[in-house]
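The stops below are to be taken in order.

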Amino acid sequence: MARFWVCAAGAGFFLALLVLHSRFGGAPVLRKFSFQISWRTKEILYRLDVGWPKRPEYFTGTTFCVAIDSLSGLVYVAQRGDNIPKVLVFTEDGYFLRSWNYTVDTPHGIFAASTLHEQSVWITDVGSDFMVLWLHGERGTGPAKFNIPHSVTVDSTDRVWVADRGNKRIQVFDKDTGEWLGAWDNCFTEEGPSSVRFTPDGKYVIIGQLNLSRLLLVAAPPVGSIGNCSVISTIQLADQVLPHLLDVSGKTGAIYVAEIGAKQVQKYVPMNSYFLSFGS
């Protein structure tokens, strides 16, 4: 019993010292504690928008791809299936507008772009004949060779980033010359990347991993460097959701993910603190 009271007195004395230290000169203790907590935990940059879309019953097939036309504020979703519309059009807020294009057979990828004078939507239809406009590389495992190249995007310095899914890496090329600039492979020991996009501020790369049902938020490299893949945060989806392709809004930074397992598109919006950085 005496030992208990000795321990209790010691603990009380220690707490009193902490209070006095924080009152008269102990602010550094609190700052150090906060720094350790933030350093040990991954930063959460996005949250699920549970209200998007307003009416999900419009998804009637397997949603393979999604594209954002930020200038027009439109979201295009392409889906596979029999006797269904192959392209659905929503607003970025989630309101269904229309469906169109029953002539597409088997959509795999989609890209939307608008200017002040016209709108355009490009669809990869793997069930129909198509014309090759740009070709680089061949099947293999070495630099500039591919195994199931699955997604392509271009950064602000005209470098082409290719999700080389079968080789579990992202390869980087010069857009004009096709020169191989480097690759990321240290982030993909379990599963290769199925989709790759940059956030509009250029700070992060959003990478989808199909069979892991996971999104990676990776620090973008500085200009003139490729560096290594450094994961800042992850978004773990439910099992068998299977995120196939994704796109990022150029206005809000929201991520739209086409999920072939769940047969839907989900939207993830930046947290407030991160959202404010888009305007800085």
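This is a predicted model: local features need pLDDT of at least 70, side-chain atom pairs count only at pLDDT 80 or more; totals for chains, interfaces and linings use all residues.

Residues are numbered from 1 along each chain as its sequence is written, and side-chain values use heavy atoms, with hydrogens and water left out.

**Stop 1: a strand residue.** Select T91, which belongs to strand β4 (residues 87-91). Strands here are DSSP runs of E with at least two residues, numbered from the N terminus. The relative accessibility of T91 is 18%, so this residue counts as buried. The classes are buried for under 20% relative accessible area, exposed for over 50% and partly exposed in between, with a 1.4 Å probe and protein chains only.

**Stop 2: salt bridges.** Side chains of opposite charge can pair when their charged atoms come close. The rule used here asks for a side-chain nitrogen of Lys or Arg within 4 Å of a carboxyl oxygen of Asp or Glu. By this rule there are eight salt bridges; the selections below include some of them.

Select K145 and E138, whose side chains form a salt bridge at 3.4 Å, N to O. K145 is partly exposed at 31%, and E138 is partly exposed at 49%.

Next select D158 and K175, a salt bridge with the closest N and O atoms 3.6 Å apart. D158 sits in the loop between β10 (149-154) and β11 (159-164), and K175 in the loop between β12 (169-174) and β13 (180-184), so the pair ties together parts 17 residues apart in sequence. D158 is partly exposed at 34% relative accessibility, and K175 is partly exposed with a relative accessible area of 34%.

Then select R214 and E190, where the closest N and O atoms of the salt bridge are 3.8 Å apart. R214 is in strand β16 (residues 214-219) and E190 in the loop between β13 and β14 (195-198), which puts this link between distant parts of the chain, 24 residues apart.

**Stop 3: a loop proline.** Finish at P222, in the loop between β16 and β17 (231-236). P222 is exposed, with 54% relative accessibility.

Key
Helices (H or I, at least four residues) and strands (E, at least two) are DSSP runs, numbered from the N terminus.
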